[in-house]
Amino acid sequence: MATKDIKKVVLAYSGGLDTSIIIPWLKENYNNCEVIAVSADVGQGTELDGLEEKAIKTGASKLYIEHITEEFLTDYVFPTVQAGAVYENRYLLGTSFARPIIAKRIAEIAVKEGADAICHGCTGKGNDQVRFELAIKAFAPDMKIIAPWREWTIKSRDEEIDYAEAHNIPLKINRETNYSKDKNIWHLSHEGLDLESPANEPQYNKPGFLELGVSPEQAPDKPTYITLTFEKGIPVALDGKKMGATELVTALNKVGGENGIGIADLVENRLVGMKSRGVYETPGGTILYHAHEVLETITLDKETARIKQHLAVKFADVVYNGQWFTPLREALSAFVTETQKTVTGEVKLKLYKGNIINAGVTSPYTLYDEEVATFDEDEVYNQKDAEGFINLFGLPTLVKAKLDAKRNK
């Protein structure tokens, strides 16, 4: 589609630096096209305040605000927790699994509005451009995609601020605190500035850096105990109180943040090939992953648990790479759902200065039999049986050793 034919564009709009300047840029470079802004509420809180006024003031014809936090948690986050999927051992995928649901909703609105194109503010270096565009291809395959970072002459966030100032666009940031951040109910990420060098220690105790909690040093000297209840791998209650997904994660964020839980500093491998350093705050999510894993230790048999661990690495890659709406992800999720039929029970945890300490786990489907496992006298396990088992299990080792001895004579 030629530039002159684009009359209406739907923009993925957060009100941050990138998307704030994209509205006037689109109108300048695409024949004063109509720009419809779409913001997804995935639990970023006050970031949505004043967004409609700002979008209209900078040139948008209207703003959709889609409230999808509960759906985000139940349909994207919790299935990933059930899978035990963690990217490169540390990253709990906060940005990764938010992008597919946001892009899906934007694509649906673009189709409904009869738009000619969808625009996003993802950079040409990042993962999000892939996540957005794969979802758009799944739900609006014929829609043109505009990615200004792959077109315009702006080279840096400083130049973006220059553009914003020249166009009288209000910003909530300045050049000195210009971290690149992404926030939703699950996490907050920090990138850029001093964090670009892995040699620099993050300024956790600097006022305003951490937003979802405190550093472990600043956490209380007294531990906090909590009990989480799961049904088929889904968290349903905290300290005996039944809660919906949004209420539960919000409560865990509070108690986790207060105790310095869930701060991760890592250098990860981006999909586009480069390494990137970021600091992530995921207090409630870190607790949920830990509790779920503890519950599985008594509810899953060894072989199922082993296969699940192997597939969890692939599941994390699929989510990180933006492949949520694919047959592979659906197949992996089907396997995970089957494994979760018995992952029901309660997990008690002690939170203390950034640490999560196990304090007890129970399940009506437990596979742990105290009578079999005991070191005391029992009548259900014949220890003599171990001799035959070891002889068979060690047979290859025995045969090889004897044949080696013959050959070496």
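Which residues form a nonpolar patch on the surface?

1. The nonpolar surface patch. The model under discussion is predicted. In it, Leu-395, Leu-398, Val-399 and Leu-403 form a nonpolar patch on the surface, and together they have about 310 Å² of accessible area. Val-399 belongs to helix H13, which covers residues 395-407. With a relative accessible area of 40%, Val-399 is partly exposed, because that value falls between the limits of 20% for buried and 50% for exposed.

2. The chain as a whole. The protein chain contains 13 helices and 14 strands. Its C-alpha trace spans about 85 × 55 × 45 Å along the principal axes. Of the 409 residues in the chain, 48% are buried.

3. In soluble globular proteins, nonpolar side chains tend to be buried together. Here the largest nonpolar core has 75 residues, and the members that touch the most others are Phe-72, Leu-93, Trp-186, Leu-228, Leu-252, Ile-287 and Leu-288. Helix H4 (residues 98-113) gives the most to this core, contributing eight residues. There is also a second, separate core of 27 residues, and Ile-6, Cys-119, Trp-152 and Ala-164 are among them.

4. Arg-99 and its two partners. Side chains of opposite charge can pair when their charged atoms come close. The structure holds 22 salt bridges. One of them joins the side chains of Arg-99 and Asp-128, at 3.0 Å from N to O. Arg-99 lies in helix H4 and Asp-128 in helix H5 (residues 128-139), so this pair ties together parts that are 29 residues apart in sequence. Arg-99 also meets Asp-182 in a salt bridge, again with 3.0 Å from N to O. This second pair links distant parts of the chain, since Asp-182 is in strand S6 and the two residues are 83 residues apart. What are the relative accessible areas of these residues? Arg-99 is buried at 12%, Asp-128 is buried at 16%, and Asp-182 is buried at 14%.

5. Further salt bridges. Glu-296 and Lys-308 meet through their side chains in a salt bridge of 3.1 Å, N to O. Glu-296 lies in helix H8 (residues 283-299) and Lys-308 in helix H9 (residues 302-320), so the pair ties together parts that are 12 residues apart in sequence. Both Glu-296 and Lys-308 are buried. Elsewhere, a network of salt bridges links Glu-66, Glu-71, Lys-104, Arg-105 and Glu-108.

6. Asp-369 is placed in the loop between strand S14 (355-362) and helix H11 (370-373). Its relative accessible area is 39%, so Asp-369 is partly exposed.

7. Two residues with positive phi. Asn-168 is not a glycine, yet it has a positive phi of about 55 degrees. Asn-168 sits in the loop between helix H6 (157-166) and strand S6 (180-183), and it counts as exposed at 66% relative accessibility. Lys-232, also a residue other than glycine, has a positive phi near 50 degrees. Lys-232 is found in the loop between strand S8 (224-231) and strand S9 (234-238), and at 52% relative accessibility Lys-232 counts as exposed.

Methods. Residues are numbered from 1 along each chain as its sequence is written. This is a predicted model: local features need pLDDT of at least 70, side-chain atom pairs count only at pLDDT 80 or more; totals for chains, interfaces and linings use all residues. Side-chain values use heavy atoms; hydrogens and water are left out. A nonpolar core is a set of buried Ala, Val, Leu, Ile, Met, Phe, Trp, Tyr and Cys residues joined through side-chain atoms within 4.5 Å. Buried means under 20% relative accessible area, exposed over 50%, partly exposed in between (1.4 Å probe, protein chains only). Helices (H or I, at least four residues) and strands (E, at least two) are DSSP runs, numbered from the N terminus. Patches are made of residues with over 30% relative accessible area and no salt bridge: like charges are joined within 9 Å, nonpolar side chains (Val, Leu, Ile, Met, Phe, Trp, Tyr) within 5 Å. Accessible areas come from the Shrake-Rupley method with a 1.4 Å probe; for residues, only the protein chains shown count as cover. A salt bridge is a side-chain nitrogen of Lys or Arg within 4 Å of a carboxyl oxygen of Asp or Glu.
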